[in-house]
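Please walk through this protein model step by step. Keep the sequence and the 3D view side by side as you read.

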Amino acid sequence: MAARDKTAYLRFRNNGCTDYELKQKISELFEDAKRRWDGVFSLDSKIMLSPSHLSVCVASLQNVKLFNSNLDVVDDAFEYLMSKSSKGEKGQYFTPRYVIDMCVKMMNPKESEYVIDTAAGSAGFTVHSIFHVWREIRRRKGLPAGDNFTAEERSNDEINYVQTKVFAIDFDEKAVRVARTLNLIAGDGQTNVLHLNTLDYSRWDEVTKQEIWNDTYNQGFKKLKALRPHGAKDFKEFSFDLLMANPPFAGDIKENQIISRYELGKNAAGKWQTKVGRDILFIERNLNFLKPGGRMAIVLPQGRFNNSSDKIIRDFIAERCRILAVVGLHGNTFKPHTGTKTSVLFVQKWDDELCPKVDDYNIFFATMQEPGKDNSGVKLLKKFYAKSIESIMISIQNFGAYSLCNNINFCETGRPFLMTQNIRHNYIDWNDLRYIDEDSHTLLKKSHCFSKQVLITMAGEYLGRVAVYDEPFISSSNQAIAKVTLQNGYNPYYISTFLNTRYGQNQINRFKTITGQPNINMGLIQSLEVIITSNLFASHIEDTVLLSERLRKTAKEAYQTAESMLLSHLGLENYIPNPDGMQVKSFSSSFGISGRLDSEYYQPKYEQILQALSIHKLERLGDIVDIKKSIEPGSNYYCNEGVPFVRVSNLSKYEISEPDIKIPFNTVNDIQNLYPKKDSILLSKDGSVGIAFKVEEDMTCVTSGAILHLVINHASEILPDYLTLVINSMVVQMQAERDAGGSIIQHWKPSEISNVLIPVLDISEQRIISTKIQESFSLRKKSVKLLEIAKTAVEVAIEQGEDKAIMLLEELYNGEL
């Protein structure tokens with residue numbers, strides 16, 4: 001239809017036709033489109049819908065206008081056409097328009113510059129570049145910017161730019177058809193969108209000689225060939241001014257024919273690798289598309305920016321380019337397809353004139369502060385009512401002067417003294433407590449915790465944990481815990497839950513500073529913003545959190561019952577260790593056997609408990625289990641993407657907390673062999689020694705070298721739940737206390753662990769005890785799940801509204817219980 005033709009009529013419309021007449025009319029339109037727009041539809045394609053179904057589709061679409069529409073609307077429609085099987089499983093994901101827009105604005109393409117996207121997908125980067133340059137052309141001519149998608153005719157300069165300066169390549173034919181369609185709508189630039197495998201350029205001659213391919217893409221390919229350096233015989237290098245791309249970042253290239261053409265196909269030792277990540281080869285390939293002084297914006301997985309194993313890639317880039325900027329994208333950017341964290345790298349190739357090489361220069365670093373999508377990948381459009389902690393609190397306090405630490409007297413019993421490790425995400429762990437005397441408690445009046453205060457950890461590896469103090473007694477707390485007393489009308493359980501969501505944690509991570517160890521001061525805590533909801537919704541969250549706490553306490557009681565049953569069977573229910581710290585031992589019965597001279601090792605209480613156990617069947621732990629070691633890769637391998645890395649600080653006898661650290665999947669060969677297996681027992685041997693946890697199901701994580709894996713040899717003779725309980729009981733804990741050495745950090749040698757004596761009760765008694773343990777863990781699992789439900793409900797309330805959140809809360813709540 002010609003622009004502004006008042007006599008023209010819209011043919012894609014049912015103007016009273018029968019279903020059969022309508023299909024004939026639409027089929028004629030389709031045949032005309034196939035002839036006019038090569039490469040968008042195959043010549044043998046037909047409309048397969050029945051006349052009645054087509055009539056329904058036309059009725060639904062005939063009033064939809066794509067011209068003069070927002071590009072997001074158009075792109076959403078075309079993204080829907082690309083199924084998961086054709087894009088997502090190959091690691092290709094449509095780049096959100098706000099990311100593309102940022103890249104185009106930062107790269108600022110000019111009318112005179114050649115631009116290409118080598119992994120085009122729906123050609124978002126090139127289409128945005130077209131619109132950017134068009135606006136500049138119209139501004140130069142003193143014309144209004146106009147609409148991007150429009151039926152109006154474009155000026156010769158605008159058409160010339162699209163048809164001669166803008167190129168796109170993709171290896172997925174369906175994606176190419178989508179890209180050619182978008183370029184067609186944008187300005188008849190579809191001829192320069194080519195169906196080629198960017199990385200496998202050595203086969204381009206073979207592909208381009210095929211008749212069907214040549215009929216569709218020859219015109220654009222001739223233009224692309226003209227952009228090779230003078231005298232070039234192959235397709236390795238081109239002379240583009242600007243390249244923007246989001247290459248696939250999943251899967252590896254394994255073909256030697258492709259890998260052998262790239263320097264990044266070699267490892268640090270200069271040997272060819274058998275497989276290389278696609279995105280790695282795209283880095284080198286894209287740089288070869290640029291002329292000296294050319295600029296590139298490329299989306300890459302976060303690991304390429306911080307994995308120690310990928311430093312060779314960063315060195316490769318820095319040697320060839322000036323690094324202009326790195327912009328970190330939010331983890332939700334490519335959801336729902338993938339949660340991989342990514343960043344955009346902006347570089348310019350060194351050139352004596354356009355970009356002279358220098359040893360030092362400034363780099364712009366930025367991170368995306370707010371997500372553009374929620375956790376499910378839905379775009380966030382809503383604005384929220386938020387208040388700062390300062391505006392809703394009565395007071396905030398912490399420990400006070402650090403010098404007070406010198407006056408604290410710790411004791412076996414007394415006032416509870418909360419440490420940062422006791423504060424978990426939305427609950428307080430009372431299992432591993434320290435105590436102080438009354439004088440210390442009185443001195444530390446600023447550290448006192450009162451009912452309904454919100455506690456926030458301020459420093460160290462546990463920074464950012466938030467929980468409500470909900471006890472009738474007053475505890476003290478250490479210097480790294482802030483205590484927030486809220487004004488009436490603000491629900492502490494909702495505030496705590498919100499601060500544990502990604503909306504709260506993102507703020508905390510943004511504000512924290514790292515000077516020796518991570519920390520956040522009370523002034524910054526007061527500036528944290530909380531999205532305010534209705535009192536009704538907040539009360540739903542409170543009910544869920546309180547139910548979780550009740551289940552947690554019931555679970556603890558069940559576990560204590562199992563412990564009491566064990567000690568009762570062993571005759572240790574009233575056992576009191578000998579407090580005498582003195583003993584005389586002969587040389588042969590002390591040093592002659594153990595090789596140790598530390599007096600702690602020979603305390604009478606250790607012999608006392610072994611004597612009490614001697615009436616039972618005892619077996620060496622090393623005869624019951626196989627002891628397997630894990631790895632300790634070192635902090636250089638720590639990264640944000642990869643396999644979760646579990647350390648002793650994540651381990652307790654009740655659970656494994658979510659690790660904050662990951663290591664690359666290629667840290668070692670066959671890393672999956674290190675994953676904890678069902679019914680194995682994880683046992684800490686360094687630091688806090690003797691913590692045992694039974695693995696309920698196969699896990700996808702790697703434990704540190706400080707954690708051993710115990711695999712039971714004969715499960716018919718000793719049950720894993722029972723053995724784990726014994727290890728966590730005083731029976732083994734006293735043996736660990738005796739054996740572990742080290743002046744600062746405790747170490748329990750595997751050889752000593754093998755010699756630990758385990759009382760083995762009758763299997764029927766083990767089953768009764770194990771049943772109680774399983775009951776405890778089932779209740780604890782429900783407790784943990786309820787806190788996750790509360791957190792999810794808060795995020796849903798923010799993203800989709802409170803009504804939806806309450807429905808979800810009730811649905812999940814009932815489903816779990």
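Helices (H or I, at least four residues) and strands (E, at least two) are DSSP runs, numbered from the N terminus. This is a predicted model, in which local features need pLDDT of at least 70, side-chain atom pairs count only at pLDDT 80 or more, and totals for chains, interfaces and linings use all residues. Residues are numbered from 1 along each chain as its sequence is written, and side-chain values use heavy atoms, with hydrogens and water left out.

Buried means under 20% relative accessible area, exposed over 50%, and partly exposed in between (1.4 Å probe, protein chains only).

Next come the aromatic rings. Rings of Phe, Tyr and Trp (its six-membered ring) pair if their centres lie within 6.5 Å; planes under 30 degrees apart count as stacked, over 60 as edge-to-face and the rest as tilted. The structure holds 23 such pairs. Take Phe221 and Phe235. Their ring centres are 5.5 Å apart and their planes stand at 50°, so this pair is tilted. Phe221 lies in helix 9 (residues 211–225), while Phe235 lies in the loop between helix 9 and strand 4 (240–245), so the pair ties together parts 14 residues apart in sequence. Both Phe221 and Phe235 are buried. They also belong to one aromatic cluster, whose members include Trp204, Tyr217 and Phe289.

Rings can also meet charges. A charge sits over a ring if NZ of Lys or CZ of Arg is within 6 Å of the ring centre and within 35 degrees of the ring normal. Arg552 has its charged end over the ring of Tyr427, 3.4 Å from the centre. Arg510 does likewise with Phe511, at 5.3 Å.

Now find a sheet. Two strands pair if DSSP finds at least two bridges between them. Here 3 strands form an open sheet in the order 28-27-31, with mixed pairing. Strand 28 (662–663) and strand 31 (702–703) stand at the edges with a single partner strand each, so one side of each has no neighbour in the sheet. Strand 27 (residues 643–646) pairs with strand 28 in the antiparallel sense over 2 bridges. Pro644 stands opposite Lys662 in strand 28.
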